[in-house]
Amino acid sequence: MRHHSFGNTPFTVSEIGFGAWQIGGSWGDVSEADGRAALNAALDAGVTFIDTADVYGDGRSEKIIADVLKSRGGQRPMVATKAGRRLDPHVAEGYTKANIERFIDRSLTNLEVDLLDLVQLHCPPQDVYYDPALFEGMEELRKAGKIRHYGVSVARVEEALKAIDYPGVVSVQIIYNIFRQRPADLFFKEAKRKNIAVIVRVPLASGLLSGKITAKTAFSADDHRSFNRHGEAFDVGETFAGVPFEVGLQAVEEIRKLVPQGASMAAFALRWILMNEAVTVVIPGARNAEQARANAAAAELPALSADVMKAARDTYDRLVAPHVHHRW
């Protein structure tokens, strides 16, 4: 497992982290026992970065993380959480220092810490990125000793580029995978130039790039791949990376031909992401210990060849880009 400096912070993190959305909710039935087992397996495999949010299971994810880390003891991994999506309605006007501080206080309790390593604004409305007062408020919360660092989780490349104009923003979380390649065109270059940590989420396009989903796969009613397929609950780009399901399945069959013998498609998809040197950490989720170990093992795959990278890009350009490239 390789490690990278986390932007201009003192943290160093494993290149494969642990995304804790699945152990919180919206992914069907994942028991707390399976959630704990998945997180423990990831940590045993050398993962040193955990990403969660206050809305994942209404705090369930944060509480599981607190329990596991307390039980393990020893050196703590870096734990990043997010704030803002508890707003109802979720509007730009709600993103005030007072509201974010209230959410931070709740996360401090859930995670059982006195200081949060990283708080990310959780995919706020676009107008938020043009509100200097909020970012000044985040800086005040940092100086007050409630958070070590702050960053943003964005829906769109344009939001990422605007966010890193604020000098206190140390990280950007963004969707980047074989089906969502636009961040590499400009944003990654700017992030690298400014020494911004890049956290990659939705690396497997909600499981499409695991190669295990078929047209007959059924998702439970409480799985976002069922209830948000057309953006009914939140941004459709978070579900299957915004790619129409049938198009995604077609593209997966082309990508499958590129996977090295003996490797899983999921590991291949993670290795593809890590080929970009601007990426600090990728945060695949896991429903159980087996998935967590498989995610971590992707770091052991050798570098992909230029021909393979070109073939993956060709599939994207031909099948996927017309649906997603201009949107996010």
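Lys 97 is partly exposed, with 33% relative accessible area (buried means under 20%, exposed over 50%, and partly exposed in between, using a 1.4 Å probe and protein chains only). Its partner in a salt bridge is Glu 140, at 2.8 Å from N to O; the term stands for a side-chain nitrogen of Lys or Arg within 4 Å of a carboxyl oxygen of Asp or Glu. The two sit 43 residues apart and link distant parts of the chain, Lys 97 in helix 3 (residues 97-111) and Glu 140 in helix 4 (residues 132-143). Helices (H or I, at least four residues) and strands (E, at least two) are DSSP runs numbered from the N terminus. Glu 140 is partly exposed as well, at 41%.

A word on the basis: this is a predicted model, where local features need pLDDT of at least 70, side-chain atom pairs count only at pLDDT 80 or more, and totals for chains, interfaces and linings use all residues. Residues are numbered from 1 along each chain as its sequence is written, and side-chain values use heavy atoms, with hydrogens and water left out.

| Salt bridge | Closest N and O atoms |
|---|---|
| Asp 117 and Arg 148 | 2.5 Å |
| Asp 165 and Lys 194 | 3.4 Å |

Asp 117 is buried at 10% relative accessibility, whereas Arg 148 is partly exposed at 36%.
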